[in-house]
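The following report describes a protein chain for a reader who has the sequence and the structure at hand. Please keep both in view while reading.

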Amino acid sequence: MTLETNSAAQSSVPAVTRAMAILDLIAAAGQAGMNVPEIAKSMDLAKSSTANICAALEGEGMLRRSDGRFTLGRRILSLAGDYLAPPTTFPSSTPYAGVPA
């Protein structure tokens, strides 16, 4: 059992843990990406389970597929941009809409 599979077995939500491990693995592969058999072998998972997780991640924009190989999708960049954006702050003297001053 690999580290990713072992972590998923101990997780309260193994599918999410596996999905995150797949994202990490594909990120490490860079622009070359990986296909389902490569991902499944690296993670010691069934190809059908791997394909289902990859399809769900692709549907959410987290992965993209080209010629049967997966690379990171645009939604990763969108989330990174949201994380890196400066927080929106308001002066404490400005009342918020619907909140009494």
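## Surface patch and overall plan

On the surface, Val13, Val16 and Met20 make up a nonpolar patch whose accessible area together is about 260 Å². Patches are built from residues with over 30% relative accessible area and no salt bridge; like charges are joined within 9 Å, and nonpolar side chains (Val, Leu, Ile, Met, Phe, Trp, Tyr) within 5 Å. Accessible areas come from the Shrake-Rupley method with a 1.4 Å probe, and for residues only the protein chains shown count as cover. Met20 belongs to helix 2 (residues 14–29) and is partly exposed, its relative accessible area being 46%. Here buried means under 20% relative accessible area, exposed means over 50%, and partly exposed lies in between (1.4 Å probe, protein chains only).

The model is predicted: local features need pLDDT of at least 70, side-chain atom pairs count only at pLDDT 80 or more, and totals for chains, interfaces and linings use all residues. Residues are numbered from 1 along each chain as its sequence is written, and side-chain values use heavy atoms, with hydrogens and water left out.

The protein contains five helices and two strands, arranged from the N terminus in the order α-α-α-α-β-β-α. Helices (H or I, at least four residues) and strands (E, at least two) are DSSP runs, numbered from the N terminus. The protein has 101 residues, of which 23% count as buried. Its accessible surface comes to about 7,000 Å², and carbon and sulfur atoms hold 58% of that area. Among contacts with a separation of 6 or more, 47% join residues 24 or more positions apart; a contact means heavy atoms within 4.5 Å.

## The nonpolar core

Which residues touch the most other members of the largest nonpolar core? They are Ile22, Ile39, Leu57, Leu63 and Phe70, in a core of 16 residues. Such a core is a set of buried Ala, Val, Leu, Ile, Met, Phe, Trp, Tyr and Cys residues joined through side-chain atoms within 4.5 Å. Helix 2, helix 3 (36–43) and helix 4 (47–59) each supply at least two residues of this core, and helix 2 gives the most, with five residues.

Leaving aside residues up to four places away in sequence, Ile39 touches Ile22, Leu25, Ile26, Met34, Thr50, Cys54 and Phe70. Pro37 is placed in helix 3 and counts as partly exposed, at 44% relative accessibility. The C-alpha atoms of Pro37 and Ala51 are separated by 8.7 Å, while the two residues are 14 residues apart along the chain.

## The hairpin

Strand 1 (residues 63–66) and strand 2 run antiparallel and are joined by four bridges. Two strands pair if DSSP finds at least two bridges between them. The two strands form a hairpin with two residues between them, and Asp67 in the turn has a positive phi of about 55°. Arg65 stands opposite Phe70 of strand 2.

Thr71 also lies in strand 2 (residues 69–72). Is Thr71 buried or exposed? Thr71 counts as buried, at 10% relative accessibility. Not counting residues up to four places away in sequence, Thr71 touches Ile26, Gly30, Gln31, Gly33, Met62, Leu63 and Arg64.

## Salt bridges

Side chains of opposite charge can pair when their charged atoms come close. A search of the whole structure finds three salt bridges, each defined by a side-chain nitrogen of Lys or Arg within 4 Å of a carboxyl oxygen of Asp or Glu.

| Salt bridge | N to O distance |
|---|---|
| Arg69 and Glu38 | 3.0 Å |
| Arg65 and Glu58 | 2.5 Å |
| Arg75 and Glu60 | 3.1 Å |

The salt bridge of Arg69 and Glu38 ties together parts that are 31 residues apart in sequence, because Arg69 lies in strand 2 and Glu38 in helix 3. Arg69 is partly exposed, with a relative accessible area of 27%, and Glu38 is partly exposed at 30%.

In the salt bridge of Arg65 and Glu58, Arg65 is partly exposed with a relative accessible area of 46%, and Glu58 counts as partly exposed at 27%.

The salt bridge of Arg75 and Glu60 links distant parts of the chain, 15 residues apart: Arg75 is in helix 5 (residues 74–84), and Glu60 is in the loop between helix 4 and strand 1. Arg75 is partly exposed, with a relative accessible area of 38%.
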